[in-house]
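Student: Hey, I've got a new structure to look at. Can you walk me through it?
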Amino acid sequence: MSNNKERVCIIGGGPAGLSSAMYLEKKGYENYVIYEKQGKVGGKCYSPKIKVKHNGVEEEKSFETGAIMGAITYHAVSEMEEFGGYHHKGPDFKEGEPNMRREFRTLDGVIDEWSNPKANFSFKKLFGLLRLKKQMKRLNKLMQTKYVGYDCYGHLGVAKGEYYGISKGVDGHCGATKENSFPNYIKGTNPNLKDLALPFSEFCKLNKVEEVQRIWIAPFTSFGYGFFDEIPTALVMKYLDVTTALEFVNLRLWTWQDGTQEIYIHVNDKLKHPAILNTEVVKVERPEGGKIKVTISQDGKESVEEFDKLIVTTPLDLFKDYADASEEEKELFGKIIHEKYCDYIATFEEGKSPNISGYMVENMVPERLGHAMVYYNRWQCLDRDCPATVYALRNHAGSEDVSFEYTMKTMDEDMKRVGFPIKDKLYAQEVYYCPHVSPKDYAEGWYDKLEALQGKRNTFYAGEIISFGDMEDTCAASKDIIGRFF
Ligand SMILES: Cc1cc2nc3c(=O)[nH]c(=O)nc-3n(C[C@H](O)[C@H](O)[C@H](O)COP(=O)(O)OP(=O)(O)OC[C@H]3O[C@@H](n4cnc5c(N)ncnc54)[C@H](O)[C@@H]3O)c2cc1C
């Protein structure tokens with residue numbers, strides 16, 4: 001029974017924590033607290049401002065260390081924008097706005113026009129592209145027919161051949177339209193959905209659409225979400241549903257002039273209780289029948305606060321170690337895997353920064369862990385001395401991880417090889433990225449087991465694990481959890 005006078009603790013001031021607070025307020029809850037361990041909100045949307053020179057004049061521009069883009073399918077993020085009063089640019093880019101144009105480069109630095117039939121024309125290339133087009137059409141049709149119900153947030157029931165969740169309102173599936181799609185719940189049975197537990201590469205083979213991986217790989221693998229032989233299809237297709245994937249291909253994307261972090265700074269400013277910064281939750285005790293005791297650490301000092309309910313938006317595999325986790329929680333959360341995604345913002349030797357973003361598809365294979373997969377030049381309108389961000393993954397299921405140091409060095413070598421020699425690194429990081437479970441655990445109903453834990457011991461789980469590790473899915477997960485349980 002919901003009672004909006006109850007005191008609610010939210011762990012984490014990233015998109016998931018702040019959207020939880022926003023949706024709580026919308027339901028009349030005002031007695032909540034958000035604890036954020038860092039000195040800033042926005043989590044992995046950190047967008048520092050860096051001074052750059054343009055036509056000899058110095059100016060400050062935002063650079064993103066994490067989230068960059070959105071798409072027309074970002075409904076929950078739109079609600080955050082509305083609440084905070086801060087809106088995106090795009091999908092058509094104007095002069096002076098962050099630009100998502102990109103090219104493909106071979107490791108020898110040659111521009112690879114693989115998708116342009118006229119460039120280096122050959123019948124082999126033409127037939128390859130026609131095959132790809134045919135398979136794209138086939139996949140789109142399959143998703144609307146054989147896999148009806150795939151396009152809702154979250155994974156409830158999928159392992160049993162069912163679906164239940166907020167419709168993404170894409171592709172006009174399941175009766176959803178742009179007008180009624182959010183927050184329209186869809187529910188049904190479709191045994192074919194069990195295929196979504198398969199690794200994406202196997203799913204494509206099963207459905208004879210193997211070529212489409214060429215389209216999906218760039219926005220998926222290069223953006224750190226893992227390799228297609230290790231990630232359940234559900235994660236790939238729920239994030240990059242056909243509509244969103246085509247928005248990527250056609251570069252019809254959203255960006256934020258001052259960086260994605262600004263969305264959350266604005267939301268935080270509008271909340272009745274903005275996040276309490278530099279405050280880490282270090283212990284959680286949930287005695288039977290009593291209040292939840294949350295131990296926080298601020299400036300090295302610990303204190304205890306009491307709450308009626310707890311919303312965890314932070315990694316659950318870490319939560320189990322500082323909370324009084326039950327055996328069930330320990331077992332379930334212990335199965336979570338995450339990607340080890342590394343990136344840096346770098347300056348380049350004089351006049352040699354990339355003037356457009358680029359994908360290096362040859363590096364998007366597990367054999368080349370630690371190699372640069374993509375570089376992002378956000379400010380294509382500026383001089384060729386502008387910094388850019390470079391990204392690589394250092395793990396793959398079944399392979400040994402490569403080290404962070406090796407990854408940094410290898411990325412430098414790759415950038416030099418393609419013609420963009422790095423001068424300095426302004427910022428470098430590895431992030432806990434895209435938490436998920438293996439195809440086997442997915443097939444065994446991991447997400448339904450998590451659902452069964454929702455609300456037990458007055459604890460609710462939100463954040464990236466619920467649906468997918470992007471801004472939209474995390475914010476939509478908050479909407480779903482708050483909507484159904486509060
Ligand atoms: C390089 C990169 C590129 C990306 N690109 C995109 C993109 O283009 N589009 C997109 O939609 N998404 C993108 N993402 C993903 C997106 O940033 C994340 O999915 C999103 O930030 C997840 O939000 P969250 O709140 O669940 O987690 P987080 O953003 O990780 O926030 C969690 C917060 O909890 C805090 N915290 C953790 N533990 C504790 C504790 N014990 N006590 C208190 N606070 C704690 C952390 O400090 C953090 O602020 C990208 C991410 C990265 C790193």
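Predicted model: local features only at pLDDT ≥ 70, side-chain atom pairs only at ≥ 80, totals over all residues.

Student: Okay, how many residues surround the ligand, and which are the closest?
Tutor: The ligand has 36 residues around it, and the closest are Gly12, Gly14, Ala16, Gly43 and Ala67.

Student: And how do the residues of that shell divide into nonpolar, polar and charged?
Tutor: You get 14 nonpolar, 14 polar and eight charged residues in the shell around the ligand.

Student: Which helices and strands each supply at least two residues of the shell?
Tutor: Among them are the helices α1 (15-26) and α14 (471-485). The strands β8 (279-285), β12 (337-348) and β16 (422-436) also each supply at least two.

Student: Switching to helices: at what angle do α2 and α14 pack?
Tutor: About 80 degrees, with the axes of α2 (residues 75-84) and α14 lying 7 Å apart. The two are therefore roughly perpendicular to each other.

Student: Which residues meet there?
Tutor: From α2 you have His75, Ala76, Val77 and Met80, and they meet Met471, Glu472, Cys475, Ala476 and Lys479 of α14. By class, that contact has six nonpolar, one polar and two charged residues.

Student: Now the sheet. What's the order of the four strands?
Tutor: They run β2-β1-β11-β17 in an open sheet, and the pairing is parallel. β2 (32-35) and β17 (459-461) each have a single partner strand, so one side of each has no neighbour in the sheet.

Student: How many bridges are there between β1 and β2?
Tutor: Four, with β1 (residues 8-11) and β2 pairing in the parallel sense. Valine 8 stands opposite tyrosine 32 in β2.

Note on methods: Residues numbered from 1 in each chain as written. Near = placed C-beta within 6 Å. Nonpolar A, V, L, I, M, F, W, Y, C, P; charged D, E, K, R; others polar. Axes fitted to C-alpha atoms, helices over the stretch in contact; angles between N-to-C directions. Parallel < 35°, antiparallel > 145°, perpendicular 65-115°, else oblique. Contact = placed C-beta atoms within 7 Å. Pairing = 2+ DSSP bridges.
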